[in-house]
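Here is my note on the model you sent. Please read it with the structure open.

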Amino acid sequence: MLSAQSVLFPGQYSHGFGYPTWLGSLSLLTGLSVPVMNTIVMPFIAMLLFTIAAYIAYRTFLNSDKLAALSVLLIFAIPDVMFTLLRGNHEKLNIVLMLWALVVLFRAFRAVQQGSMRESAVWIGLFYVFVFTNATVNDYFASTFAVAASLTLIGGWILLRLNTPATIQYRPQIVRLGSYVIGSWLLVWWVMLYVFPPAGHDFALAHTALNKIVDLFLTLHTSSNPYSAPASQWAGKLDQILVASFRWVLSVVSIVIWGYALWKMIWRKHTWSFEHLFLLALYGAFGFLVALAIPLDFTGMNAGTNLEVRNFPYYALMASPVLVWGLIPRLETLKTTLRPWVTTSSAIVLAVFVLIGLFKSTLDPVISNQWMFYTPTERQALSAFNHHSRSETIWTGPDNRLVYADMMWHFRNRGDNTVTGFQFSQADRDLLISPEVIASSLVEQKPVPPYLNQNRIYDNGSAQIYRLRPQTPFEN
């Protein structure tokens, strides 16, 4: 984008221009290169922005500083969310923008309740600014937020219909929410169709997804299973279960709390506050999107082989305050003699989950469908290959782990060289071999091309580059 000096250029990211624009602007302001800004600086900025936005959002939902702080602390133990915030892509902005959109939306509701229509108009204007910006960053996640808001509206309306006292009290807010949801959809479509036309191609995915879902349920035959390959990369089943344990604890406990709150509202006619009612509806909406993503993942869509992984962080963002809201008041009712022991034990368990979450967010291939890392020696070998080769192709392993590393660090200076992964072919004249490449091949049960009898042309002690021996006088 910086080289083209435009958000429209060949090979651009077709789902939004907001993140490259923001990243490029920060690079120009600070003088830091884009790779350094994206991989080293942005994770810290993302954590700062997220912590502020999440705390304010949870405080709005829960009306408690303590519960809001605990909810944010729980997020740090959810590796799916931490990976999303720390990785070098647009999702960190999508999450922060969604949380701020929810905050200003509630500010607008409160302003209306206080009779200040002018203040409400200001908050609603900010709400639409956040929605529009979110759509420019990524049209899928902006659409996901709009879908969740629509489901929240429907769910909230159903709950109010089942609780007459709440219907009388909250009906005006539901009507206003409906108008805000319609405005959000119009903004997302405007961005996709007119502001950034390349994103409009995603409309074709809806028809494709519908056809594939119909085929899935009619034939009961899955086109792919994106969950089997990452799971098979773990050497031990116990390790895989351990690092994913808090994900299941969070989901199961929050579902129980959510179900009890709905039962209490429907059958016992209990009236929750509007903030709590909206939180319950949001939780159900994002949970439904996670459940819907699972069959989509099995359809084999090119753009939909990890939708459950992408949707789960948003569900977890709602599950955390639901869990805290349901558990903490009950812990406070314990006897005085038991409370210190329970508090200390809970803190230790949470610290362990945070540590485990750190391992999962950096190691678990389930999060990104594969291992995502590279070593300094592998980066050195790629740099040497790009510096000394012309019009050559190098194989880098059984996946595209080092392909992405090369794209990030050597995009401008690799010339006409090609870095490949996955299946080795005869067009790959060079091989990059390292302990990590060997280990990945063994775990994924994929063969390593025979390299010991080839010409070793580079060696930095850990990573080597081998050139296939010429088979004809015309090969080099």
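The points below cover confidence, a helix pair and the sheet.

1. This is a predicted model, where local features need pLDDT of at least 70 and side-chain atom pairs count only at pLDDT 80 or more, while totals for chains, interfaces and linings use all residues. Residues are numbered from 1 along each chain as its sequence is written, and side-chain values use heavy atoms, with hydrogens and water left out.

2. The protein chain averages a pLDDT (the predictor's confidence in each residue, from 0 to 100) of 83. At least 70 is reached by 83% of the residues. Among the elements, helix α16 (residues 365-368) has the lowest mean, 51. Strand β5 (residues 464-467) has the highest, 94. Helices (H or I, at least four residues) and strands (E, at least two) are DSSP runs, numbered from the N terminus.

3. Helices α5 (residues 91-113) and α6 (residues 117-137) pack at about 165 degrees, axes 8 Å apart. Axes are lines fitted to C-alpha atoms, for helices over the stretch in contact, and angles run from 0 to 180 degrees between N-to-C directions. The pair is therefore roughly antiparallel (angles over 145 degrees). Contact (heavy atoms within 4.5 Å) involves residues including Trp100 of α5 and Trp123 of α6.

4. Five strands form an open, mixed sheet, ordered β2-β1-β3-β5-β4. Strands pair if DSSP finds at least two bridges between them. β2 (418-420) and β4 (455-459) are the edges, each with a single partner, so one side of each lacks a neighbour in the sheet. The twist averages 25 degrees from one strand to the next.

5. β1 (residues 393-395) and β3 (residues 430-433) pair in the parallel sense over two bridges. Ile394 stands opposite Asp430 in β3.

Methods. Angles under 35 degrees count as roughly parallel, over 145 as roughly antiparallel, 65 to 115 as roughly perpendicular and the rest as oblique.
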